[in-house]
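Please have the sequence and the coordinates at hand while reading.

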Amino acid sequence: MAGPREGPGARRRVRALSLGLPEIARALICTGPHSQVRAYDAAADNFIVYGPTDRAAVLAEGGRFLACIVSEQTLRPGDGLLPPLCQRA
C-alpha cells in the first residue's frame, strides 16, 4: 500500500490503524450520540438496547487505545481526506 509523501516524489509504506471494534460498538459509533442500537439475544429470546451511555464507553475505550498508540508513534490522518460535511460557525 502506498503511503504519504516525504519530500519530492518520495513514497513510503504505511499501515492503516484498525480499532477492531465488535459489531455493536461499530453500530454505536456510526449511529450517532443520541441513537440506540437494538440487538436480539437468541438465548434470552429478547432484545438488548444499547444507547448513549454504551456509546460513550466505546469512545472512551477507543481514546485510551489511541493514547497508547500515540505514545509509541506519530499518527497522521493521511492524504485525500474528504472535507467535513458541515462546519460550525
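**Overall layout**

The model is predicted rather than experimental. Its chain contains two helices and four strands, and, read from the N terminus, the elements follow the order β-β-α-β-β-α. Of the 89 residues in the chain, 13% count as buried. Among contacts in the chain with a separation of 6 or more, 29% are accounted for by residues 24 or more positions apart.

**The two helices**

Two packed helices are described by the angle between their axes and by the distance between those axes. Here the axes of helix 1 (residues 23-31) and helix 2 (residues 52-72) come within 9 Å and cross at roughly 105 degrees. Because angles of 65 to 115 degrees count as roughly perpendicular, helix 1 is roughly perpendicular to helix 2. The residues that make this contact are set out below by helix.

| Helix | Residues in the contact |
|---|---|
| Helix 1 | Ala25, Leu28, Ile29 |
| Helix 2 | Asp54, Arg55, Val58, Leu59 |

Sorted by class, the contact of helix 1 with helix 2 comprises five nonpolar and two charged residues, with no polar ones.

**The two sides of helix 2**

Helix 2 is 21 residues in length and spans 31 Å from its first C-alpha to its last, which is close to the 30 Å expected at 1.5 Å a residue. Which residues of helix 2 are buried? They are Arg55, Val58, Gly62 and Ile69, and because these residues cover an arc of only 60 degrees around the axis, they lie on the same side of helix 2.

**A loop residue with positive phi**

Asp45 has a positive phi of about 55 degrees although it is not a glycine, and it is located in the loop that joins strand 3 (37-41) to strand 4 (46-50). Is Asp45 buried or exposed? With a relative accessible area of 56%, Asp45 is exposed, since exposed means over 50%.

Methods. Residues are numbered from 1 along each chain as its sequence is written. This is a predicted model: local features need pLDDT of at least 70, side-chain atom pairs count only at pLDDT 80 or more; totals for chains, interfaces and linings use all residues. Side-chain values use heavy atoms; hydrogens and water are left out. Axes are lines fitted to C-alpha atoms, for helices over the stretch in contact, and angles run from 0 to 180 degrees between N-to-C directions. Angles under 35 degrees count as roughly parallel, over 145 as roughly antiparallel, 65 to 115 as roughly perpendicular and the rest as oblique. Contact means heavy atoms within 4.5 Å. Ala, Val, Leu, Ile, Met, Phe, Trp, Tyr, Cys and Pro count as nonpolar, Asp, Glu, Lys and Arg as charged, and the others, Gly among them, as polar. The expected span of a helix is 1.5 Å times one less than its number of residues. Buried means under 20% relative accessible area, exposed over 50%, partly exposed in between (1.4 Å probe, protein chains only). The arc is that of the directions from the helix axis to the C-beta atoms.
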